[in-house]
Amino acid sequence: MFCKLISYCLNGLESVQMGVEVDLCDGLPSFDIVGLPDSAVRESKERVKSAIKNSGYEFPIKRITINLAPADIRKEGSLYDLPIALGILGCMGIIDPLHFENKIFLGELALDGTLRHVSSAIPIVYGKAHTLPYILPFENASELQIAKHQTLLYFHTLKEVVDYLSRNILPTQPLPSSQLSPSHSSLDFSLDFSDVHGQENVKRGLMIAAAGHHNTLLIGPPGCGKTMMAKRLPTILPPLTESEQIELTKIYSLASYLDVSLPIIKRPFRAPHHTVTLAGLAGGGRHPKPGELSLAHLGVLFLDELLEFNKKTLETLRQPLEDGCITLARSNDHMTFPAHFLFIAATNPCPCGYYPDTTRCHCDVPTIRRYLSKLSGPLLDRIDLHLEIQPVSFLSLKKGSCLSSSQIRESVKQAQARQEERYKGESFTSNHQIPTHLLSKYCPLDSDAERLLDHWFQSVGASARSYARILRIARTISDLEDKALIDEDVMCEAIGYRLLDRKFY
């Protein structure tokens with residue numbers, strides 16, 4: 001007797017339809033699973049056998065062969081327990097195999113026949129939009145409520161699934177409520193820019209970074225507030241859209257971050273330690289999983305003490321900062337994970353950390369240059385804003401009111417709305433993505449701004465890439481000021497954010 005059921009497996013974040021083929025025949029009793037199964041899939045034999053017996057059915061003493069097709073894609077996880085058990089029951093005649101048609105089965109089985117949560121259900125269900133119903137464990141119900149384009153049926157036990165397929169009996173337990181798309185004002189931010197006294201120039205720079213999605217380097221001595229301000233950057237970013245919530249939830253589910261609240265409703269803030277490995281940052285492993293770059297997707301990646309990171313690890317950032325994704329290549333496959341994040345880095349200006357305070361810093365010029373040269377030119381070229389931070393004065397600490405995150409966020413939202421309107425019909429949506437050949441179209445300069453930029457280039461000798469960065473920054477500043485033309489004041493401010501173009505800081 002032969003039965004076939006539909007299930008899904010994952011190749012990175014991509015969901016791939018597969019067939020669970022079950023064959024029962026006479027011969028010496030055995031239970032074999034083929035089709036590149038990992039250890040979790042192979043161990044399903046014992047779970048399925050006990051679940052069938054403890055659900056009140058007789059397990060067949062026959063030769064059982066399970067094929068997971070296509071056979072050239074590795075299958076991992078415990079989500080195939082349910083279709084394997086149902087296929088065996090179908091071959092025994094307990095379920096009519098016709099009832100398996102046009103349904104998708106996912107679920108792990110406990111030894112008593114209870115259906116348990118499967119972590120890979122989120123990227124699978126969100127990955128494909130079709131009309132076929134999914135048969136799923138009830139424990140997955142809360143995290144899948146925002147997939148409204150799908151027909152999702154939840155069950156507690158193997159027996160309930162058999163009753164549904166045989167007699168069309170559905171369990172009546174109510175589903176949990178959805179957490180979809182809360183308003184941004186309802187999100188609870190425990191951090192706020194109003195806590196940061198002084199540093200108004202740095203707050204301005206971070207507002208520009210958020211408005212135009214510009215990567216930023218913070219340079220300053222210890223205790224000046226670099227980390228404090230970076231942690232508050234997500235509070236001035238716009239809310240996640242429904243599609244962005246789904247995309248982030250898929251990534252965190254694939255990475256097995258089940259301790260976070262699902263679905264993801266806040267922009268992530270990832271701050272890995274400088275001892276992070278290459279695989280920890282980029283992702284990888286025997287069965288590749290997303291790393292910190294992908295976990296920061298649509299949010300903020302903050303690297304504190306940037307120059308303490310392994311240089312080879314830092315160079316991994318080049319492709320994601322340019323392309324918004326990272327590709328992991330293996331001998332027989334490759335996987336691409338999204339990695340479109342706002343990059344914020346912080347570093348001390350010198351080995352002791354106190355340059356240019358000559359009363360505390362005794363580093364000579366060659367020492368400072370060697371220290372800053374740890375940051376390679378190609379990586380530095382991908383950072384738009386260089387913000388110098390000085391220690392906060394007593395008067396600034398004593399000052400009462402400061403700009404709050406909600407006030408800054410409102411300016412950011414208005415600037416981004418202007419960008420969306422301007423770039424309708426283009427393949428990009430924000431200022432940092434403006435292609436070089438379109439800079440003259442979208443970054444028009446008045447005569448004074450053009451003269452200032454020319455003078456700066458003559459005196460500094462900056463690269464063509466710096467020229468493009470300055471124009472993109474100036475375009476964002478103009479959007480914040482609601483100016484169609486880039487004038488001299490805007491250009492002066494934009495040039496001020498290119499600190500390291502002066503060859504020596």
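A: With the residue classes: Ala, Val, Leu, Ile, Met, Phe, Trp, Tyr, Cys and Pro count as nonpolar, Asp, Glu, Lys and Arg as charged, and the others, Gly among them, as polar. By that scheme, the lining of the second largest pocket holds seven nonpolar, 12 polar and three charged residues.

Q: How many residues line the second largest pocket, and which lie nearest its centre?
A: There are 22 lining residues, and His213, Glu244, Arg267, Gln416 and Thr429 lie nearest the centre. The volume of the second largest pocket is about 520 Å³. Helix 6 (200-212) and helix 16 (405-422) each give at least two residues to its lining.

Q: What is the volume of the largest pocket, and which residues are closest to its centre?
A: The largest pocket has a volume of about 630 Å³. It is lined by 30 residues, and Leu10, Arg74, Glu76, His287 and Met335 are the closest to its centre. Strand 1 (2-11), helix 8 (242-254) and strand 16 (334-338) are the elements that give two or more residues to this lining. By class, the lining of the largest pocket has 11 nonpolar, 11 polar and eight charged residues.

Q: How should I judge confidence in the model?
A: This is a predicted model, and pLDDT is the predictor's confidence in each residue, from 0 to 100. The chain has a mean pLDDT of 87, with 91% of its residues at 70 or more. Over residues 179-186, however, the pLDDT is below 50, and this stretch has 19 contacts in the model beyond near neighbours in sequence.

Q: How do I describe the chain as a whole?
A: Count its elements, then look at its extent and burial. The chain has 20 helices and 18 strands. Its C-alpha trace spans about 85 × 45 × 40 Å along the principal axes. Of its 505 residues, 53% are buried. Among contacts with a separation of 6 or more, 73% join residues 24 or more positions apart.

Q: How do I read the faces of a helix?
A: An α-helix has 3.6 residues a turn, so residues three or four places apart point the same way. Now take helix 2 (residues 44-54), whose buried residues are Ser44, Arg47, Val48, Ala51 and Ile52. Seen down the axis of helix 2, these buried residues fall within an arc of 125°, so they line one face of the helix. Lys53 and Asn54 are exposed on the other side of helix 2.

Q: Which elements do the buried residues of helix 2 pack against?
A: They pack against strand 3 (30-34), helix 1 (39-42), helix 3 (81-91), strand 6 (108-109) and helix 5 (158-167). Just after helix 2 comes Gly56, with a positive phi of about 95°.

Q: Where is Val365 placed, and how far is Val365 from His340?
A: Val365 is in helix 13 (residues 365-372). Val365 counts as partly exposed because its relative accessibility is 38%, which falls between the cut-offs of 20% and 50%. Val365 and His340 are 25 residues apart in sequence and 36 Å apart in space, C-alpha to C-alpha.

Key: Residues are numbered from 1 along each chain as its sequence is written. This is a predicted model: local features need pLDDT of at least 70, side-chain atom pairs count only at pLDDT 80 or more; totals for chains, interfaces and linings use all residues. Side-chain values use heavy atoms; hydrogens and water are left out. Contact means heavy atoms within 4.5 Å. Buried means under 20% relative accessible area, exposed over 50%, partly exposed in between (1.4 Å probe, protein chains only). Helices (H or I, at least four residues) and strands (E, at least two) are DSSP runs, numbered from the N terminus. The arc is that of the directions from the helix axis to the C-beta atoms. On a 1 Å grid over the protein atoms alone, a cavity is a set of points where a 1.4 Å probe fits but cannot get out, and a pocket is an open set with protein on both sides within 12 Å along at least five of seven lines; lining residues have an atom within 4 Å of a point. Grid points are joined across faces, edges and corners, and a volume is the space filled by probe spheres set on the points.
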